[in-house]
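Let's take a walk through this structure together, looking at how side chains meet one another. Keep the picture open and find each residue as we go.

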Amino acid sequence: MASLQSSSVIGSLAYSSVRCRRGMTRAAINMLKLHTGSGGLSLRLPARDLVQEVLDMGIGLSAATTSHVEKKYQSRTVSNVSDPMVIAKLHAIMEAVADRVEMHKNIGEQRDNWKSLLLTSINAITLTAATMAGIAATNVGGPLMALKLSSTLMYLAATGMLVVMNKIQPSQLVEEQRNAARLFKQLHCQIQTTLSSGNPASSDVEEAMEKVLALDKAYPLPLIGVMLEKFPKTVEPAVWWPQHRQRQEGRTYGNGWSVELEEEMREIVGGLKRKDIEDYLRLGKIALKVNKILSISGPLLTGMAACGIAFEGSSHAPWAAIVGVVAGAMASVVNTMEHGGQVGMVFEMYRNNAGFFWLMEETIESNLSEIDVGRRENGELFEMKVALQMGRSLSELKNLAASSSKKGEAIEEFASKLF
């Protein structure tokens, strides 16, 4: 495209130089006529030399102008050419990111199948053992020992499976892989935008690599050794971005910042801290407590049922039979509430929502802490991004910050309407 523009400019310059030469030639001929009419034919040869000299001057001017334009466009073309190694590295990172999207998607589907199959199998085993315990309580003789032994073994098997299932929390694993696939897709689109919108630099490669490694750490694929703690001591927002985020210098399309916009962003940050992040962390703590209670109750009930079946037939036979049947039925109910209700997934969802708002808070604060406004992201573009992430229009975002600044009180309304 640059070569076509260069050729068109050069052609126009050549055409203008030809017109200039024609004008000079006509002026020289008119000068010749004047001299001929006044002084005779003795001035024809000098006039012809004058015409030739004017033509030579025009050709020299055209050549100089053409060479100057070519040098100008060649230098501009060279400055716009990106480093091919940087582009190759970004394409390699894009391929790795696309592969990770498929990996997390496939593993998420696999672990979702685990959840469904384990839930169905454990409930079936538990209810079958409870039924056999009830039948054994009404029978005497030979079949009693067979029913008692079978029911006890099934309860013990259900207890062991429940311990493993409650430890890994398949529904929470599925939510982790779902979030990882979404975030890797987002990173893939960001790299595509970087490649298509301008000249990528080496800092873009480093930033993309840091984001990939941060996502790998936040959402690991293996279950042994690096699996996220399913019952942490303290509930904290999920972090999937580099802790030391380097700002992109020279990536702004203007300034767009003003005192009013800075005050608006500060009010939004205050609202995110006081309402959104705090509320999702509170809900996450509630979900974690419920999940802990259910995770302990399920194996405990199946273990009690197994013990009750073991004492069946002795002097405490009525109570042992009741414990064996009722505890088994309650265990299936608890297991359904925990894994059918996907309490682990709810906890992970709250943790990720808090992380989403924490990332917004850090992004806004990093822009506000930058003293040189020329190195910030464009203010109008940044405001639009914040509004979209909060599910609000620009006018609603301004009104939210203005209502707090006018009253002089903290924002009591949730900053986000998205979730």
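Start at Trp 257: the charged end of Arg 376 sits over its ring, 4.9 Å from the centre. Bear in mind that you're looking at a predicted model. Arg 376 also belongs to a network of salt bridges that links it with Glu 262, Glu 263 and Arg 266. There's another charge over a ring to find: the charged end of Lys 275 sits over Phe 414, 4.8 Å from the ring centre.

Now for rings that meet rings. A pair of aromatic rings is described by how far apart the centres are and by the angle of the planes. Searching the whole structure turns up six aromatic pairs. One of them joins Tyr 280 and Tyr 350, and this pair is tilted, with 6.0 Å from centre to centre and 45 degrees between the planes. Tyr 280 is in helix H7 (residues 259-310) and Tyr 350 is in helix H9 (residues 343-369), so the pair ties together parts that are 70 residues apart in sequence. Tyr 280 also pairs with Phe 357; here the centres are 5.8 Å apart and the planes are at 25 degrees, so this pair is stacked. Phe 357 lies in helix H9, so the pair it makes with Tyr 280 of helix H7 ties together parts 77 residues apart in sequence.

Glu 175 is buried, at 8% relative accessibility, and its side chain makes a polar contact of 2.4 Å with that of Arg 178.

In total, the structure holds 16 salt bridges. One of them joins Asp 216 to Arg 100, with 3.0 Å between the closest N and O atoms. This pair links distant parts of the chain, 116 residues apart: Asp 216 is in helix H6 (residues 202-218) and Arg 100 in helix H3 (residues 84-138). Asp 216 is partly exposed, at 23%, and Arg 100 is partly exposed as well, at 24%.

Terms used
Residues numbered from 1 in each chain as written. Predicted model: local features only at pLDDT ≥ 70, side-chain atom pairs only at ≥ 80, totals over all residues. Heavy atoms only, no water. Phe/Tyr/Trp six-rings, centres within 6.5 Å; stacked < 30°, edge-to-face > 60°. Helix = DSSP H or I, 4+ residues; strand = E, 2+ residues; numbered from the N terminus. Lys NZ or Arg CZ within 6 Å of the ring centre and 35° of its normal. Buried < 20%, exposed > 50% of the residue type's maximum accessible area, 1.4 Å probe, protein only. Polar contact = N/O pair within 3.5 Å; in protein donor to acceptor, adjacent residues only side chain to side chain. Salt bridge = Lys/Arg side-chain N within 4 Å of Asp/Glu carboxyl O.
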